[in-house]
Amino acid sequence: MFKSTITPVYYLSSLKLSFAAMAALLFAVLFSYFEQNQPVLWIALPLLVLAVNLLAAIAVNPRIRQNSGLLIFHICLLALVLLAALAQLTSMKGRVEIVQGQVFDSEQVTVVQRGPWHSLQALKQLRFAQGDIQVDYTENLRRGATRSQLTVNGESFVVGDNRAFFAHGYRFYTTSNKGYAAMLSWFGENGQSIQGAIHFPSYPLYDWKQDNQWLTPAGQLLKMKLISSKQTQPDNSWQLDSRKASGSLQIELASGKQQTLNAGQRIEFQGGVLEFVEVRMWMGYSIYYNPWLAWFFAASIVGVFGLAWHFYLKLGPRKLPLRDADSVRSGRATPAA
Amino acid sequence: MLLQQPEAEKVFFYLAVAVFMASAVIAWTGFLFNKSLHKTLVTSMAMAVIASALSIGLRWAQTGNGPFVTLYEVLLSNLFSLGFIFLLIYKVIPQSRSAALFVLPLLSIIGIWAATTSMAPIVIPATYDTALLWIHVAVGKIFLGMCLTATGLAAVLLLRYSLSIEGFESLPGNSELDDLAWRFMAVAFVFHSLMLIAGAAWAQDAWGRFWAWDSLETWAFITWLVLGLSLHARVTWQLPDWAGWLMIISVFILALLTFFGVPFSSAGPHRGII
């Protein structure tokens, strides 16, 4: 009875199975790379086999059990596979664009990926306001440092590049995606008054097509073009600065007629009045939630040091035969035994 | 008259390449003609390493950025780091010296390759302003240095296996060189793992994800996996020695592709975009 239980575990702990699963993982990664598919789907099966193989090997392989460094390394590898699975279930990726002066609104978040165990409740409680935005550029539009000011509970701080905003487990990273927004107010004939922002495409990447369209509450589809005051200087160093954002708004009416509004100007439509308030900037953030990041790091580091310890014990202290310096010629040592 | 800084940078670079090439000739001359050229070789390698370091230093002083971005910079910095690491190994572990027969020609090829690329500096992306970059690059260079030395030894072993040149008889025995090569691969595995960890930590800070299967990450993982497979295969099966040596060389080729090929085949990874 005991033997019949142990035997399958020994099979599962086989080094040959490890080799086969690693080779399968290699081919899965290569296949996913060249086929441009989602690697997660293809690598899940060999990873699962490797996890079972690792677990069995940790349980019964005397070589692993008797070498503390090797044992630590394999336990950490298993932990990494389990953490990857947990991360798939609990993590969340998203993106959001926030206009200068506006408060973060979780309803505006586009969720890119969300694990089945992830609730967005904590995200809904987040409150912070977008402040000034500055992005440095050098010649040929090479992007330098990004500085995005955020205000949380009256306290301001700057994020950008290697500095993320961290709150309630969510990390907000500035991206290369940022641009101008036209702040608009709509005054309906029915007394309805709304304010909002029309985001124009990423700047300066799409400085040649700063277009967007908006359907008014009264039902008119307006094609808008932002004529921003030029900040780009492709041949020099320059700074994209939200404090210098300005420009006019060109509106194409349904009749094909165009009208240009400067900040503060209004245009009357059937059903209401549209006011172009001003030009501001918006910043695009990627959002990442993964509560296991510190564990990933710890398991990786401990695992590598376990492996290093194992190699040191097995390979390190053995002294290589000493040779007389004069007998060691260029590219050769003492004759082969 | 003192040279202008950019010219001096080029002079030291070409000097480094020339001296690495001369070192390769010295190594092969010593081997083929059974001459004791050990001290000459150490001196010439040290000169090449110093010249490449001076070239990097002058470029750094001029641009204000480390050699991290362009293909030329990466090749130049590896010319220095690989030369320096191999010089240390050559001095400390005499049994590894035969690797010079292949390591020095490989370094010469890296130098010639660098000479064919654009030397124009470009601005370093803002995400490179982090200590994690230094850790990532440093452990990566140690990995490649170990892998290069193991490859040199594997190439010597393969050549001795396939050709019966008289000079090979005076080199250390197959088992000693084979054992040494795999020790270097074991150390390489540790440092490659550290490189992946440091790179992942950096990517998390810089781009908001620690792993995204982009080209560079995928090929770095493939290299790590093949290296792990090679170490596993050596433990699992009594493979013929030549198969192990071919695996060592394969890992090095993959590492070269990852270090010098993939990052420069697209503008995406490790670059700032507008």
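How many of the 274 residues in chain B are buried, as a percentage? Buried residues, meaning those under 20% relative accessible area with a 1.4 Å probe and protein chains only, make up 61% of the 274 residues in chain B.

This is a predicted model, in which local features need pLDDT of at least 70 and side-chain atom pairs count only at pLDDT 80 or more, while totals for chains, interfaces and linings use all residues. Residues are numbered from 1 along each chain as its sequence is written, chains are lettered from A and ligands numbered from 1 in the order in which they are written, and side-chain values use heavy atoms, with hydrogens and water left out.

**Chain B.** The chain has eight helices and zero strands, where helices are DSSP runs of H or I with at least four residues and strands are runs of E with at least two, numbered from the N terminus. The radius of gyration of chain B, taken over C-alpha atoms, is 19 Å, close to the 19 Å that the globule rule (2.2 Å times the number of residues to the power 0.38) gives for 274 residues, so chain B is as compact as a globular protein of that length. Along the principal axes, its C-alpha atoms fill a box of roughly 60 × 55 × 25 Å. Of the contacts (heavy atoms within 4.5 Å) in chain B between residues at least 6 apart in sequence, 81% join residues at least 24 apart.

**F143(B).** This residue is found in helix α5 (residues 131-162) of chain B and counts as buried, with 0% relative accessibility. Beyond its neighbours within four places in sequence, F143(B) is in contact with A188(B), F191(B), H192(B), T223(B), L227(B), A255(B) and F259(B).

**The interface with chain A.** Chain B and chain A bury about 5,500 Å² between them, 68% of it on carbon and sulfur atoms; buried area is the accessible area (1.4 Å probe) that two parts lose on being put together, summed over both. The elements that give two or more residues to the side of chain B that touches chain A are α1 (5-32), α2 (38-63), α6 (174-207) and α7 (215-236) of chain B.

| Interface item | Value |
|---|---|
| Residues from chain B in the contact | 66 residues |
| Residues from chain A in the contact | 57 residues |
| Salt bridges (side-chain nitrogen of Lys or Arg within 4 Å of a carboxyl oxygen of Asp or Glu) | zero salt bridges |

How values were computed. Buried < 20%, exposed > 50% of the residue type's maximum accessible area, 1.4 Å probe, protein only.
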